[in-house]
Amino acid sequence: MSYLSDEKLVIVGAAGMIGSNMAQTAAMMRLTPNICLYDTYAPGLEGVAEEIAHCGFEGLNLTYTSDIKEAFKDAKYIVSSGGAARKAGMTREDLLRGNAQIAEQLGKDIKMYCPDVKHVVVIFNPADITGLVTLLYSGLKPSQVSTLAALDSTRLRNELAKYFHIPADEVVNSRTYGGHGEQMAVFASTTTVAGQPLSQIIGTQALPEQKWEEMKQRVIQGGKNIIDLRGRSSFQSPAYLSIEMIAAAMGGKPFSWPVGTYVDNGTFNHIMMAMETTVDKNGVTVKPVNGTPEEKKELDQSYHHLCKLRDEVISLGILPPISQWHDLNSNIK
């Protein structure tokens with residue numbers, strides 16, 4: 001059985017629920033035989049490696065280590081869930097300081113041990129900020145670092161499919177943009193439901209305005225809902241979607257859900273946020289976001305919320321002032 005690539009993929013945070021699911025998914029999708037698991041928690045890491053070995057995957061060269069230098073040596077693709085998990089009662093922003101510091105070290109380790117890495121996916125929260133910090137300290141190009149944002153758009157698709165009692169595939173181009181958090185912008189104008197524009201359904205008997213507003217809140221609170229239901233944060237969905245992103249970067253089917261990407265386009269500046277994107281073997285390509293004036297206003301509000309988080313990280317000394325970013329990473333203009 002063939003693999004998509006033979007290049008090394010490193011799963012950071014592999015002892016955790018997201019990380020172990022990413023490793024399992026990557027092996028099942030046969031992305032590469034060369035998968036390395038990394039985590040500082042050695043017993044849990046060994047346990048994950050043992051479990052995957054017990055699956056009996058053909059041709060898999062699975063390795064694991066708690067030595068970051070060994071893990072990153074010759075790495076070409078990295079997915080990191082290696083931050084603190086979100087617990088009940090916490091927002092993604094509550095994790096800001098500690099996870100931003102973890103992201104700083106991740107970026108420095110990439111620059112030190114695998115500067116030739118091709119693509120990095122960052123999924124630990126708040127992902128827009130941790131992705132930005134990782135990008136700046138890694139020295140990589142903006143197209144080489146992406147963050148998980150698709151989960152918000154897939155949650156919107158799920159809510160619409162449940163409400164209208166239709167297969168999820170009949171909900172097309174559901175989109176959220178901006179921050180992966182409480183301030184995300186939920187768009188209606190991009191979406192069709194069973195072939196009909198969602199914007200023409202909202203406000204009718206089929207989907208009253210109040211029901212739509214309630215649905216938007218369920219999307220925004222989608223992660224909290226999983227915690228309430230399962231007693232822990234999401235792990236299956238972020239694991240699968242992040243590995244789909246890496247598969248696309250490896251040259252597989254392009255990933256067409258929005259991802260978090262570095263933006264500096266005159267409207268949104270010096271920020272990592274969910275945009276209309278494609279991920280393929282060339283990395284992240286950013287496309288224009290189209291929406292109604294009200295949707296664009298929501299997106300602008302989400303952007304300013306992210307700017308406040310970014311500026312807080314700067315005030316903490318984790319990032320230098322924006323004027324010095326080019327000195328830190330020459331690929332940032």
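Helices here are DSSP runs of H or I with at least four residues, strands are runs of E with at least two, and both are numbered from the N terminus. The two side chains meet in a salt bridge at 2.8 Å, N to O, the criterion being a side-chain nitrogen of Lys or Arg within 4 Å of a carboxyl oxygen of Asp or Glu. Glu104 is buried, at 16% relative accessible area, whereas Lys108 comes out as partly exposed at 37% (buried is under 20% relative accessible area, exposed over 50%, partly exposed in between, with a 1.4 Å probe and protein chains only).

All of this comes from a predicted model, in which local features need pLDDT of at least 70, side-chain atom pairs count only at pLDDT 80 or more, and totals for chains, interfaces and linings use all residues. Residues are numbered from 1 along each chain as its sequence is written, and side-chain values use heavy atoms, with hydrogens and water left out.

Helix α4 (residues 96–113) also packs on helix α5 (residues 127–138), at an angle of about 30 degrees and with the axes 7 Å apart. Axes are lines fitted to C-alpha atoms over the stretch in contact, and angles run from 0 to 180 degrees between N-to-C directions. The pair is therefore roughly parallel (under 35 degrees; over 145 would be roughly antiparallel, 65 to 115 roughly perpendicular and the rest oblique). The contact, meaning heavy atoms within 4.5 Å, involves Glu104 and Lys108 among the α4 residues, and includes Val133 and Tyr137 from α5. Its residues split into eight nonpolar, five polar and three charged, where Ala, Val, Leu, Ile, Met, Phe, Trp, Tyr, Cys and Pro count as nonpolar, Asp, Glu, Lys and Arg as charged, and the others, Gly among them, as polar.

Back to the charges: the salt-bridge count comes to eleven. One of them joins Arg175 and Glu276, again at 2.8 Å, N to O. Arg175 lies in strand β8 (residues 175–177) and Glu276 in strand β13 (residues 271–280), so this pair ties together parts that are 101 residues apart in sequence. Arg175 is buried at 5%, and Glu276 is buried too, at 12%.

Asp311 and Arg310 form another salt bridge, at 3.0 Å, N to O. Here Asp311 is partly exposed at 38%, while Arg310 is buried at 8%. Finally, Glu159, Lys162 and Arg218 are joined in a salt-bridge network.
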